Amino acid sequence: MESTLVNGSWSLAQRIAFRFIFLYFGLFILIQNNGAYPFWDLALQWLEVPMHSFIPWVGKNILHLPYEITVFTNGSGDTTYDYVIIFTIFSFSIAGTLVWSLLDGSRLNYQTLYYWLTVAVRFYVGLMLINYGLVKVFKLQFPAPGLYRLTQMYGDSSPMGLAWTFLGFSKGYNLFMGIAEVLAVLLLFRRTMTFGAIITLMAAANVMAVNYFYDVPVKILSTHLVAMTLFLLLHDAQKLLKFFFTSEPVHLHVITPPSYSRKWIRPTGLVFKFLLIGFALLYGGYESAQSLKEWGDDAPKTKFYGLYNVQKFIFKKDTLAPITTDTIRWRQLSIEWETFARVRMMNDSINRFMLKVDTTLRTMQFTNRTDTLQRFNFNYEWRNDKSLKLAGTFKGDSVLILFDKPKVADAFRLTKRGFHWIKEPPYNREW
C-alpha cells in the first residue's frame, strides 16, 4: 500500500479509509489534545463550555444513557463524558466521510493531505510520549512507595495502586521506560519516522497494556497512541514485512513534503519545528527536574515525617487495650507531607486528615478531609527517646497518645534490600 500513498492513484477503499482516518484523527487531536501541543488547551478554552453542554446532550438524547453526565475529564480520562466524545467523533467522521466521498469522488489521491496528517499525528504522538517519558526519567509519575503503601496489605490495594507501587519501586526501570518513550522524538523527523514508530509502538503498547490490565483510567488515550503509531507504520508496512520475513532487499521511502513556490516557507517551518522540539525537551526536562525537588522523591521531608506506632492510648483517663474491634484507639499515625496525615485505626480503617502544625505553640490540628467540621487539637512534645507525645481532645474527650520512635520508608525490607548480582538461593522470604 505504501507505494500508492507516495505516488499514483489510490484505490477506492484507500481513499474512503483515508477520509475517515483524516477526519477521526483530526477531530481527536483537536478535541482530546491532552496537552500534547504546547498551549493548545489555552487556545481552545472557548470550546470547553459548549462541549460540557453538547456531550451530555448526546448522552441523554442520542445514546439514552440511564444517567446524566455530570463528571467531566479529570484525573480519569476514561469517564463517560470521554467515551461519549469518542462516539461523537466517530459519528461525525462517518458522516463526514460519506459527504466527502459524494462531493470529491473523482480525486485520484490525497498525497498532500496525507503528508499533513502524518505531521499532525507524528507531533501529537511524539510530544505526548516525550512528556510521559520525561516524568519517568525524573521519576515523577511513579514515586517511591510511601509509608501508606508500605503498610497497606496487598489485598487492600487497587490494581492501579499495585501497578504504581511496582513501577515506583525502581529508579532504573523508570529510567528505562522514560528513555524508550523520549525516543519518540525520532517521530518528529521524516528520515527517522519509521524507526521511531517501531520503538514508539513497543513503548505505547506497553503503556496501553498496563492501562488495560491494571485498570488505569487512561485507556482511551493509550489506545489512540497505539492506533496512530500503527497508522504511521502503514507507510512502510509491506517493506517491513519483507525485511523481517523474507530475504528480499528493501529500501524505505522518506515521506516527501509538498513543494512551495515561496522559498521562505520551508526554512520558517524548520525553525518553528526545532523551537517546538527544544521547548518540549529542554523546558519539559527543566520543569520535571524542578518538580522532582518540590514534590517528587527529592522533595525535603517534614520534620514530623515517619510512621508512628501507638505505644499507649489514654482516652478519658483510661488506657485502651489494642483490641482490633476498638473504634476509638489509634494503631498508627503516618505523616509524609507537611499538611497531610493518615491515622490507621485498630480495625485497620484509615482516616485522612489535613494537618496544621504551629511549631511556636507546639500544636497540631487534625481536620478530617471528608468532614471538615471534625477537628482535633493536640499539643505535641518530643520525648527524650525522640518519640512523639500528643495530648488534647479527641471526639470531645481528653486523650493522651504516646508513640514509638518513627519508622521511615527506608527501614522496610522492600526498600532497603537493594541490588545484588549474586544470589545463591532466590531472595523470596514469602516461600
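Modeller: Let's start with Asp78, which is buried, with a relative accessible area of 13%. Buried means under 20% relative accessible area, exposed means over 50%, and partly exposed is in between, using a 1.4 Å probe and protein chains only. This is a predicted model, so local features need pLDDT of at least 70 and side-chain atom pairs count only at pLDDT 80 or more, while totals for chains, interfaces and linings use all residues. Residues are numbered from 1 along each chain as its sequence is written, and side-chain values use heavy atoms, with hydrogens and water left out.

Asp78 sits in the loop between helix 4 (45-61) and helix 5 (80-103). Helices (H or I, at least four residues) and strands (E, at least two) are DSSP runs, numbered from the N terminus. The side chain of Asp78 reaches the backbone nitrogen of Lys219 at 2.8 Å. That is a polar contact: a pair of N or O atoms within 3.5 Å where, within protein, one must be able to donate a hydrogen and the other to accept it, and residues adjacent in sequence count only if both atoms are side-chain atoms. Beyond its neighbours within four places in sequence, Asp78 is in contact (heavy atoms within 4.5 Å) with Tyr83, Val216, Pro217, Val218, Lys219 and Ile220.

Now for the rings. Rings of Phe, Tyr and Trp (its six-membered ring) pair if their centres lie within 6.5 Å; planes under 30 degrees apart count as stacked, over 60 as edge-to-face and the rest as tilted. By this rule there are 40 aromatic pairs. One of them joins Trp10 and Tyr114, edge-to-face, at 6.4 Å centre to centre with 85 degrees between the planes. Trp10 lies in the loop between helix 1 (2-6) and helix 2 (12-31) and Tyr114 in helix 6 (residues 111-137), so this pair ties together parts 104 residues apart in sequence. Trp10 counts as buried at 4% relative accessibility, and Tyr114 is buried at 4% as well.

Trp100 and Tyr110 have ring centres 5.3 Å apart and planes at 70 degrees, so they too are edge-to-face. Trp100 belongs to helix 5, and Tyr110 to the loop between helix 5 and helix 6. Both Trp100 and Tyr110 are buried. Ring pairs link these four residues into a cluster with others, including Phe18, Tyr24, Phe90 and Phe231.
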